Amino acid sequence: MDIRRRLAANLRRLRQERQLSQEQFAFDAAIHRTYVSDLERGARNPTIEVVDKLATFLGVKVGDLLG
């Protein structure tokens, strides 16, 4: 599985575990909702800054999103 698909699956799983909609997650993390949707579908290549921001908001290590 490529890294975008791993990120997509992990991001979706972690967001759902926290019982957050994409809209609420995006609002709370200060990221546009369609960007979150694109990330969860593996349609975008986020910058390392965005990956760090997502990990920080979710309270996990960057490696947890990419691994």
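Where is the place of Lys61? Lys61 sits in the loop that joins helix H4 (48-58) to helix H5 (62-66); helices are DSSP runs of H or I with at least four residues, numbered from the N terminus. This is a predicted model, in which local features need pLDDT of at least 70 and side-chain atom pairs count only at pLDDT 80 or more, while totals for chains, interfaces and linings use all residues. Residues are numbered from 1 along each chain as its sequence is written, and side-chain values use heavy atoms, with hydrogens and water left out.

- The buried residues of H4 are Val50, Val51, Leu54, Ala55 and Leu58 (buried means under 20% relative accessible area, exposed over 50%, with a 1.4 Å probe and protein chains only).
- Seen down the axis of H4, these buried residues fall within an arc of 135°, so they line one face of the helix (the arc is that of the directions from the helix axis to the C-beta atoms).
- They pack against helix H1 (3-17), helix H2 (22-29), H3 and H5 (contact means heavy atoms within 4.5 Å).
- On the other side of H4, the exposed residues are Ile48, Glu49 and Thr56.
- Lys61 is exposed, at a relative accessible area of 63%, and its C-alpha atom is 9.7 Å from that of Val51, 10 residues apart along the chain.

**Glu40 in helix H3**

- Glu40 belongs to helix H3 (residues 33-40) and is buried, with a relative accessible area of 3%.
- Leaving aside residues up to four places away in sequence, Glu40 touches Ala8, Leu11, Arg12, Arg15 and Gln22.
- The side chains of Glu40 and Gln22 make a polar contact (2.8 Å); a polar contact is a pair of N or O atoms within 3.5 Å, where within protein one must be able to donate a hydrogen and the other to accept it, and residues adjacent in sequence count only if both atoms are side-chain atoms.

Note on methods
Helix = DSSP H or I, 4+ residues; strand = E, 2+ residues; numbered from the N terminus.
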